[in-house]
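Thank you all for making the time this morning.

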Amino acid sequence: MWKIIRNCLLVLLLILLSAGGWLAYEANSFLTTSPEKEPGKDVYIDILPGSTLPKIAALLQDKGVITDAFRFRLLARYKKMDTGLKAGRFLFRTDWLPEKALETLVLGKPVLTRITIPEGLTYWQTAKILADAGFAPYDDLMKVLRDPEFLAHYGIPFANAEGFLMPDTYLLKTPGEETKNDPRQAWKVCGRLVDNFWQKMQACWPDGKKPGTADLKKYVILASIVEKETAVPAERARVAGVYANRLEKGMLLQADPTVIYGKGEAFDGNLTRAMLNDDNNAYNTYRKAGLPPGPICSFGLSAMKAAVVPEKHGFIYFVAVTDGGEHYFSKTLSEHNAAVRRYLQNRKKKQ
């Protein structure tokens, strides 16, 4: 009996040793073999924010950067490099070994960095996003965005680049340490956003022709107000129509977002009656007639299209039905006041 058990154990041991040897051979083969022999070729791969290790590994295998996605994942976990994978566009080569590809993902710098500029931001908020992403120092960006030479070069007819920093997702060249603090770097990054504005907005111009300076100012300012007044795309032309009607009738615009913008970075989130009565705020459309002196945020295409072709109607008032949702539009003050009371009642019920 003991002899049989001993023989079984010996067979099991031989199987384990063989399996271990096979695993060691396979691991060594994976680690020391590149998909292609030298010279390989360059492969650019976009790693999206939030991408998981399995998804990235499958993408690398599909693009010919590694030979086995599963073993690549095991390697990353073994080396404790399975987290902190960076987003952006990376340059790989098909003659690299797997560890080189892994180190590039975790320790390397992307050749292009993906960054998203949301709609509705002020120019100083956009500058902060760019600075936090490492494209240029905040002070350099702010200086460029107010630089008369920069504004003239890009055809911006205001005192700063507000409204012209096109909201979008960008792949921007990742600056090295030697260029990040170069003042020209801030110009390049900001110029990329403004170039995108002019390119995208061509679809909005009447007859496809760029408007003159007076019309351009009107469109950009109105589009920025529309962007801040409603998050519902289907309402934007109607909101623009309300302001067009008010301007035509010589009424004050009375747009809360313009007042807030005039407070600048000092605004604490609380709009007060004193702010609405402030004659020193150039953007206070409760006290100042006509459009404010400049746009109040960056905006998307739908806001600009609404500003260029406002909906024709008889509405001159609107108020939210619920916070952040659709609005109720009115033609008379009494109808508007009733809608305001309903809004306040609905808001009170939710508190």
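How many disulfides does the structure hold? What we have is a predicted model, and the structure holds 0 disulfides. The reason can be followed through the distances: a disulfide requires two cysteine sulfur atoms within 2.5 Å, and for Cys190 the closest cysteine sulfur, that of Cys297, is 17 Å away, which is too far for a bond. For Cys204 the closest cysteine sulfur is again in Cys297, here at 14 Å, so that a bond is ruled out by distance as well.

Let me step back to the overall form. The protein contains 15 helices and 6 strands, and its C-alpha trace spans about 105 × 55 × 40 Å along the principal axes. Its radius of gyration is 29 Å, whereas a compact globule of 351 residues would have one near 20 Å. Of those 351 residues, 41% count as buried, and if we take the contacts with a separation of 6 or more, 64% of them come from residues 24 or more positions apart.

If we set aside the neighbours within four places in sequence, Leu130 is in contact with Ile115, Ile117, Phe135, Ala136, Leu141, Leu172, Val189 and Leu193.

I would next like to look at helix α10, which has 17 residues and reaches 24 Å from its first C-alpha to its last, close to the 24 Å expected at 1.5 Å a residue. Its buried residues include Leu216, Tyr219, Val220 and Ile221, and the buried residues of α10 pack against the helices α9, α11, α12 and α14, as well as against strands β5 and β6. Glu227 has its place in this helix, α10, and counts as buried because its relative accessibility is 9%.

Where is Asn284 found? Asn284 sits in the loop between α13 and α14, and at 0% relative accessibility it counts as buried. Its side chain reaches the backbone oxygen of Met275 at 3.2 Å, and, not counting residues up to four places away in sequence, Asn284 touches Val259, Met275, Leu276, Asn277 and Asp278.

Finally, let us turn to Asp46, whose place is in strand β1, residues 42–47. With 28% relative accessibility, Asp46 counts as partly exposed. The side chain of Asp46 makes a polar contact with that of Arg89, at 2.6 Å, and Arg89 is also among its contacts beyond four places in sequence, together with Leu59, Gly88, Arg114 and Leu171. The C-alpha atoms of Asp46 and Leu112 are separated by 8.7 Å, although the two residues are 66 residues apart along the chain.

That is where I will stop, and I am happy to go back to any of these residues.

Technical notes. Residues are numbered from 1 along each chain as its sequence is written. This is a predicted model: local features need pLDDT of at least 70, side-chain atom pairs count only at pLDDT 80 or more; totals for chains, interfaces and linings use all residues. Side-chain values use heavy atoms; hydrogens and water are left out. Contact means heavy atoms within 4.5 Å. Helices (H or I, at least four residues) and strands (E, at least two) are DSSP runs, numbered from the N terminus. Buried means under 20% relative accessible area, exposed over 50%, partly exposed in between (1.4 Å probe, protein chains only). The expected span of a helix is 1.5 Å times one less than its number of residues. A polar contact is a pair of N or O atoms within 3.5 Å; within protein, one must be able to donate a hydrogen and the other to accept it, and residues adjacent in sequence count only if both atoms are side-chain atoms. The radius of gyration is taken over C-alpha atoms; the globule rule is 2.2 Å times the number of residues to the power 0.38.
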